[in-house]
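Dear colleague,

Please find the structure below. My notes on its domains and chains follow.

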Amino acid sequence: MNAVSAAIRPYAEGFKSLEPVLTRSAPAWLTALRREAFARFANHGFPGEREEDWKYTSTRPLEKRGFVPSLIAPGTIDVDAIEPAFLREIPAHTLVFINGQHAPALDTAGSDIAGLRIASLGKALQQAADKLQAYFAPASAWSDDPFTALNTAFLRDGAVIEIDDGMRLEQPLQLIFLSTKQAQPGACHPRILVRLGRHAHATLLETYHGLEAAANLTNGYAQIHLGENAQLEHLRVQRESAQDFHVNRVRVTQQHGSRYVSHTLNLGGLWVRTDLNTRLEAPEAEAVFNGLYWTDQGRHVDNHTRIDHLAPRTRSDELYRGIIGGHSHAVFNGKVVVAKHAMKTDAAQINNNLLLSRQAEIDTKPELEIYADDVQCSHGASIGQLDEQALFYLRSRGLDPETARGLLIDAFAHAVLDRIATPALQTFARRQLAAVMGAS
Amino acid sequence: MNEAAPAVTQASDVENLVRGEYRHGFVTDIEADTVAPGLNEDVIRLISAKKYEPQFMLEWRLKAFRHWLTLQEPHWAHVRHAPIDYQSISYYSAPKSKQNAPRSLDEVDPKLLETYEKLGVPLHERAKLAGVAVDAVFDSVSVATTFRKKLAEAGIIFCAFSEAVKSYPELVEKYLGSVVPYSDNFFATLNSAVFTDGSFVFVPKGVRCPLELSTYFRINAANTGQFERTLIIAEEDAHVSYLEGCTAPMRDENQLHAAVVELIALEGAQIKYSTVQNWYPGDANGVGGIYNFVTKRGECRGADSRISWTQVETGSAITWKYPSVLLRGDNSIGEFYSVAVANHYQQADTGTKMIHIGRNTRSTIVSKGISAGHGQNSYRGLVKVLAKAENARNYTQCDSLLMSDRCGAHTFPYMEVKNPTAKVEHEATTSKISDDQLFYCRSRGVATEDAVNMIVSGFCKDVFKELPMEFAVEAQRLLAVTLEGAVG
């Protein structure tokens with residue numbers, strides 16, 4: 001009991017010190033929501049390894065850090081250092097956050113577009129909090145997840161994106177979350193609320209970028225709702241520093257005929273856990289999950305995905321690939337659930353892993369839970385090494401071993417990036433991967 | 001068939017066929033010597049005393065019992081059942097006729113023989129025609145053992161476990177609990193405390209067992225949980241194939257079955273363990289049926305050894321069973337072939353664990369799950385490659401066939417790899433019997449049910465071909481009976 005309370009203490013103190021600031025000008029429902037969420041977190045504590053969802057990931061390293069709430073953004077920031085986080089391939093509508101707080105000076109706003117509302121959550125809460133109340137209905141949260149509770153308790157900033165019916169956005173939207181060095185390692189809890197109306201189309205890019213010597217916790221939570229026939233391509237690139245802790249949850253709900261395409265690139269961070277869930281709530285909804293994780297020295301990356309087929313004729317297609325090197329540990333857990341009446345469901349899932357080092361470990365668990373009969377579901381998982389034959393071929397053509405290996409690893413990774421439909425985003429993703437692989 | 005309304009015809013066929021009842025349901029009237037329900041140290045001392053066990057055995061049982069008291073029943077399996085009252089079970093039941101033990105088949109209680117007749121496995125016929133030695137366990141005590149002489153000539157020990165404890169205590173003491181320790185898990189610990197009988201096989205160095213060894217287990221006396229303990233040891237370069245088959249009479253109360261099977265393969269040894277499990281699954285409404293919570297584990301202790309599990313699971317209300325292999329010896333091989341059927345309200349949570357410890361170890365897993373009615377079928381498997389297991393190789397295939405819109409098929413494979421030379425592959429598919437295949441068969445004049453049988457047989461072929469011949473025939477027949485009319 002003592003150990004638990006010790007782990008929670010920094011958050012309890014942080015909550016106490018921050019609450020007066022947060023409650024100022026906040027409506028009563030929001031204050032109550034935060035308090036209730038914190039009580040839930042304090043009550044549950046951090047998840048233990050005995051919980052099936054945390055079987056391969058211990059929260060002990062995170063507990064030991066005792067993160068305090070992040071500070072207000074510093075006055076100056078090295079523009080060169082943050083440049084790689086920006087999508088420069090095409091004009092984008094960008095919001096920038098430093099340690100979880102909106103930094104409007106760094107935004108690159110495109111022209112105002114009718115039918116699109118994009119704002120920082122902090123600002124939206126100040127101006128018209130009541131309009132957002134519907135987003136925080138109990139059903140919209142993982143009620144038993146302590147990290148979601150923590151995110152809600154410290155709800156302060158993030159982004160709100162609303163796109164009207166029939167709106168087709170040409171310009172990508174980008175959210176950049178920068179983690180910078182602070183006097184004391186700090187925790188921030190950005191919340192992202194996205195709502196696409198019927199037949200709306202959009203592209204969203206989220207970048208998590210850690211600057212040198214940053215050692216913070218980013219505990220993000222995104223809620224995404226796709227109306228009938230809406231389409232969203234969602235690229236998330238996580239390139240935090242080698243000392244950063246990163247927890248990220250995305251929860252999507254999809255209506256009839258909607259299409260959600262996610263690309264998750266976990267390329268940085270010291271201790272990373274991401275959960276991506278979608279609920280295909282109406283017929284013909286489709287989800288595509290692509291993921292790439294790359295780990296090396298001392299890092300731990302855990303990817304959880306879950307797709308709920310809740311209606312007939314829904315489809316899902318998932319491809320996650322991992323490159324695991326150095327003294328690192330990667331985890332993949334992909335779950336596909338087909339509910340009782342979700343007939344004609346078509347679900348495919350593949351997880352491939354390249355295990356490159358003696359000190360590395362990979363734990364993978366593709367799960368299927370099926371309660372309907374007229375379905376086509378499959379999953380596959382593999383753990384292996386680079387193909388000796390292919391290596392030999394390249395070397396016989398005069399390539400040195402390093403280059404040959406690099407080429408093959410690159411090809412392995414690019415099978416995931418090739419699935420990014422928007423050319424500019426694909427170029428951006430390649431640039432991010434190259435930067436990380438080049439540095440190793 | 002009425003061409004105008006094929007769908008309707010099919011539906012009523014299904015109604016009739018689904019009601020196919022359990023054929024092996026009957027109770028043989030035999031006086032049984034049963035201990036009053038309840039579990040405490042006195043009961044364990046009584047079991048041990050009744051079996052004239054040496055001191056080490058009693059101590060081992062008591063150690064297990066004391067440990068069991070500290071354990072909680074596990075609930076992680078994907079099954080649901082009413083709580084089990086361990087104090088309401090009688091832990092010992094021996095047919096009375098054991099008092100003047102039969103020395104040959106002629107002396108065996110004719111009622112017992114009749115039971116086997118009803119099951120379609122007449123002992124003498126089987127023994128003669130199929131060349132199989134049978135050590136039949138009838139409610140916990142062996143009543144007939146055949147071909148002992150022939151086996152004894154080869155130096156093979158094949159006897160009831162209780163006999164082995166008395167006649168070969170040094171072997172039992174050396175190997176018992178060396179693969180499944182008494183503290184292994186809730187049910188294995190319970191078994192260690194209260195097991196009544198089972199089979200013991202010892203194949204000495206260099207001997208190839210000339211026969212397929214076979215045992216039939218039956219649960220008969222009401223309210224008697226069965227706690228078999230099987231121990232098979234194959235010394236260096238020994239080969240043995242062991243068959244286990246089960247049926248049980250129809251009954252309304254749930255019966256607990258918590259067996260433990262331990263296999264030990266020394267250098268170059270091969271053990272093949274095949275099971276056809278057809279215990280009473282409960283009726284069409286899910287009332288009654290056996291709870292089958294079994295711990296089966298083999299250890300490839302020596303280099304170049306091989307252990308192969310093949311199982312056809314069509315019975316039991318709940319099956320909770322993961323035949324596993326510890327691949328400790330270099331170049332050792334583990335195999336798991338399984339067909340599991342869950343019809344009506346049956347629940348099966350089964351799979352395997354392959355633990356790669358030695359170098360160049362290989363494992364193959366082929367699991368076929370069939371769900372029908374309200375059945376819930378889960379595959380749960382672990383492939384673990386330890387850091388020192390160079391060049392480990394695993395291939396896993398687990399397919400599920402769904403035959404009703406109320407059943408479920410689930411797959412929970414765990415893969416944990418710590419060595420970069422390992423190759424681990426897993427693939428799984430889930431689908432229903434394809435309408436195209438059915439239509440093709442029917443257009444060629446094959447009746448729907450025959451077509452379904454054909455498709456299911458094809459689906460299970462990879463597993464059936466691993467079974468010894470006579471078992472393969474029985475398994476196929478069993479499957480057809482179990483799934484009668486399950487497809488609509």
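How many residues of domain 1 of chain A are in contact with domain 2 of chain A? There are 16, and they touch twelve residues of domain 2 of chain A; two residues are in contact if their C-beta atoms, placed from the backbone, lie within 7 Å.

Please note that this is a predicted model, in which local features need pLDDT of at least 70 and side-chain atom pairs count only at pLDDT 80 or more, while totals for chains, interfaces and linings use all residues. Residues are numbered from 1 along each chain as its sequence is written, and chains are lettered from A and ligands numbered from 1 in the order in which they are written.

**Within chain A**

Domain 1 covers 2-282 and domain 2 covers 389-440, with bounds from an automatic or database domain assignment. Their centres, taken over C-alpha atoms, are 30 Å apart. On the side of domain 1 of chain A that touches domain 2 of chain A, β9 (201-210), β11 (231-239) and β13 (259-266) of chain A each supply at least two residues. Strands here are DSSP runs (E, at least two residues), numbered from the N terminus. The largest share, four residues, comes from β11(A).

**Between chains A and B**

Here 30 residues of chain A are in contact with 29 residues of chain B. β20(A) gives the largest share of chain A's side, ten residues. β20(A) also pairs with β23 (residues 408-417) of chain B in the antiparallel sense, over six bridges; pairing requires that DSSP finds at least two bridges between two strands. L368(A) stands opposite T411(B) in β23(B).

Yours sincerely
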